[in-house]
Amino acid sequence: MKRILGALALLMSGTAMAHAEGELFLYNWGNYTSPEMIKKFEEKYGVKVTITDFDSNDTALAKVEAGASGFDLVVPSAGFVGIYAEKGLIQKLDLSKLPNHKNIAPEWMNVEWDPGREWSIPWQWGSTGMSVNVKDYSGDINTSDIFMNPPAELVGKINVIPEMGDVMALATMWAGGEVCSEDPAVMKKVRDALLAAKPKWMSMDYSTVEKMINHDYAATVDWNGSAMRARLGNPDVAYGYPKEGYGLWMDNVVLLADAKNVDNAYLFLDFIMEPENAAALSAFARYANGIAGSDAFMPEDMKAAPEIITPAEFADKGHFVTVCTGKALEYQTAIWTELQK
């Protein structure tokens with residue numbers, strides 16, 4: 001009998017490890033998390049995942065910094081990882097709890113914002129350009145003129161995403177400057193052009209996919225994955241790579257310092273570093289990921305998609321966007337604040 005009870009105890013112990021149970025709270029960009037992947041995780045571990053959306057890095061940082069957010073994991077863009085760490089908002093990862101950490105692709109391991117990936121793991125990455133309905137506009141879509149100096153056909157029909165870093169990078173490159181420029185002449189040109197263009201915009205909204213599909217917008221500053229999703233729903237949508245320069249980015253998952261469900265958070269982090277699960281994230285949001293081996297599981301329609309495979313003529317126009325500092329940040333913040341009025 002003791003042996004039977006002992007065997008039952010071991011069986012129950014193994015079940016408990018397989019099904020962690022409890023909850024997990026994820027704070028992520030809206031419309032960015034595969035429901036199928038979440039369901040698979042929940043069923044495997046018995047953990048209920050609650051996702052709360054945000055629409056910009058600044059919004060997410062302010063919410064977390066205010067304290068008692070109740071979130072376990074958050075998904076900031078590259079340059080914001082260091083800000084979270086400096087402010088003590090996240091905790092260094094215990095890599096012994098992440099056996100799939102080895103699956104991070106070499107080119108995304110020793111990144112500038114997190115050498116060795118001690119604070120974050122990759123979520124997805126892509127570019128920021130222009131989505132345009134080619135029935136509304138037959139001109140060049142590979143230019144930031146579309147929102148910086150809107151053509152007559154698009155006036156009142158343009159959306160601009162409310163993400164300061166991405167928009168200011170596009171605007172600064174359009175003005176002939178480098179990302180995070182501290183040149184007062186360049187930044188004056190950026191300011192004047194943005195303030196002159198804003199009355200010609202329709203909105204500054206995060207949600208672009210459905211509105212491009214439904215033809216609510218004729219054009220929008222957009223991320224490449226959102227543009228692909230829109231094209232799949234509306235073949236008149238095309239993605240443009242601004243010839244003046246466009247931004248590259250990567251979003252990353254970090255573990256909050258005050259997370260309550262730490263064990264479940266580690267299960268989730270390791271889970272999304274499995275190639276098949278990383279590919280599921282990509283298949284939903286239509287962005288590339290940073291996990292080696294995931295290509296084998298990627299949808300066929302992403303392998304040659306113009307939003308994913310950058311045309312050769314624009315390959316050298318992409319520049320990685322991180323958070324600016326010093327005078328550059330002062331310029332950007334002042335212009336962005338004025339733009340919100």
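Predicted model: local features only at pLDDT ≥ 70, side-chain atom pairs only at ≥ 80, totals over all residues.
The nonpolar cores come first. In soluble globular proteins, nonpolar side chains tend to be buried together. The largest nonpolar core in this model has 93 residues. Phe147, Leu194 and Phe268 have the most contacts inside that core. Leu194 gives a picture of the packing. Another core lies apart from the largest one and has 5 residues. Among them are Met228, Ala279, Met302 and Ala305.

Helix H4 covers residues 78–86. Its buried residues are Ala78, Gly79, Phe80, Val81, Ile83 and Tyr84. One is helix H3, residues 57–65. The others are strand S3 (73–74), strand S9 (246–255) and strand S10. Just after H4 comes Gly88, with a positive phi of about 70°.

Two residues other than glycine also have a positive phi. For Ala68, phi is near 55°. For Arg117, phi is about 55°. Ala68 sits in the loop between H3 and S3. Arg117 sits in the loop between H4 and strand S4, which spans residues 121–133. Are these residues buried or exposed? Ala68 counts as exposed, because its relative accessibility is 75%, and the exposed class begins over 50%. Arg117 has a relative accessible area of 0%, so Arg117 is buried.

Ser294 belongs to the loop between helix H11 (275–285) and strand S10 (318–320). Its relative accessibility is 2%, so Ser294 counts as buried. The cut-off for a buried residue is under 20%. What surrounds Ser294? Neighbours within four places in sequence are left aside here. Ser294 is then in contact with Pro275, Ala278, Ala279 and Asn289. Ala279 is also a member of the core of 5 residues. A polar atom of the Ser294 side chain lies 2.9 Å from the backbone oxygen of Ile291. Glu274 is 20 residues from Ser294 along the chain. The C-alpha atoms of Ser294 and Glu274 are separated by 7.9 Å.

Charged side chains form a further group of contacts. Side chains of opposite charge can pair when their charged atoms come close. How many salt bridges does the structure hold? The structure holds 13.

Glu307 is at 2% relative accessibility, so Glu307 counts as buried. Arg231 has a relative accessible area of 24%, so Arg231 is partly exposed.

The side chains of Lys211 and Asp205 also meet in a salt bridge, at 2.7 Å from N to O. Lys211 is partly exposed, because its relative accessible area is 30%.

Glu330 and Lys327 form another salt bridge, at 3.6 Å from N to O. Lys327 is partly exposed, with a relative accessible area of 41%. Salt bridges can also share partners. In this way Lys188, Arg191, Asp192 and Glu338 are joined into one network.

Methods. Residues numbered from 1 in each chain as written. Heavy atoms only, no water. Helix = DSSP H or I, 4+ residues; strand = E, 2+ residues; numbered from the N terminus. Buried < 20%, exposed > 50% of the residue type's maximum accessible area, 1.4 Å probe, protein only. Polar contact = N/O pair within 3.5 Å; in protein donor to acceptor, adjacent residues only side chain to side chain. Contact = heavy atoms within 4.5 Å. Core = buried A, V, L, I, M, F, W, Y, C linked by side-chain atoms within 4.5 Å. Salt bridge = Lys/Arg side-chain N within 4 Å of Asp/Glu carboxyl O.
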